[in-house]
Amino acid sequence: QVQLVESGGGSVQAGGSLRLSCAVSGYIYSNYCMAWFRQAPGKEREGVATFYRSTGSTYYADSVKGRFTISQDNAKNTLYLQMNSLKAEDTAMYYCAAVGVSTWGRCVVPTLVTFSYWGQGTQVTVSS
């Protein structure tokens with residue numbers, strides 16, 4: 001059984017940075033698709049970024065492209081989301097998710113992927 005635990009959220013002023021972590025317990029294979037989602041109150045859940053472990057391929061939503069970076073540390077079995085130049089509109093609960101897929105093509109668009117595992121979320125609040 002795979003378990004995901006997010007951490008690193010908090011409050012920051014606009015223009016600041018945060019790094020979210022997603023600690024993975026249990027075995028995940030190289031073909032796993034890992035993702036970060038976020039959901040603000042009253043808004044739909046948004047797929048922020050995906051990472052395909054087999055190839056290292058990444059996807060970013062237009063809203064975060066150039067500001068956020070998704071990465072993993074295999075030795076620590078941890079997924080990261082480095083968030084720079086934060087804006088007030090980045091305020092949301094951020095969730096880590098994972099699922100096994102056959103190809104990168106099945107990972108590239110997070111809203112089209114049915115993720116099997118989810119973390120409990122970590123809150124990010126950006127004040128302007």
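Which residues line the largest cavity? In this predicted model, the lining consists of Val 24, Ile 28, Met 34, Arg 53, Gln 72, Asp 73, Asn 74, Asn 77, Thr 78 and Leu 79. The search of the whole structure returned one cavity of 30 Å³ or more, and the space within the largest cavity amounts to about 60 Å³. Two strands, S7 (68-73) and S8 (78-83), each contribute at least two residues to this lining. Classified by residue type, the lining comprises four nonpolar, four polar and two charged residues.

Strand S4, which spans residues 32-39, is mostly covered, with seven of its eight residues buried. On one pairing, S4 runs antiparallel to strand S9 (residues 92-100), to which eight bridges join it; within this pairing, Trp 36 is placed opposite Cys 96 of S9. S4 also pairs with strand S5 (residues 46-52), again in the antiparallel sense, through six bridges. Here the bridge partner of Arg 38 is Glu 46 of S5. The hairpin formed by S4 and S5 has six residues between the strands, and in this hairpin Gly 42 adopts a positive phi near 80 degrees.

Four salt bridges were identified in the structure. Side chains of opposite charge can pair when their charged atoms come close.

Asp 90 is buried, its relative accessible area being 0%. Through salt bridges that share partners, Arg 38, Glu 46, Arg 67 and Asp 90 are joined into one network.

A further salt bridge brings together the side chains of Asp 62 and Lys 65, at 3.1 Å from N to O. In this pair, Asp 62 is exposed, with a relative accessible area of 66%, in contrast to the buried Asp 90.

Conventions. Residues numbered from 1 in each chain as written. Predicted model: local features only at pLDDT ≥ 70, side-chain atom pairs only at ≥ 80, totals over all residues. Heavy atoms only, no water. 1 Å grid on protein atoms, 1.4 Å probe; cavity = no way out; pocket = protein on both sides within 12 Å on 5 of 7 lines; lining within 4 Å. Points joined across faces, edges and corners; volume = space filled by probe spheres on them. Helix = DSSP H or I, 4+ residues; strand = E, 2+ residues; numbered from the N terminus. Nonpolar A, V, L, I, M, F, W, Y, C, P; charged D, E, K, R; others polar. Buried < 20%, exposed > 50% of the residue type's maximum accessible area, 1.4 Å probe, protein only. Pairing = 2+ DSSP bridges.
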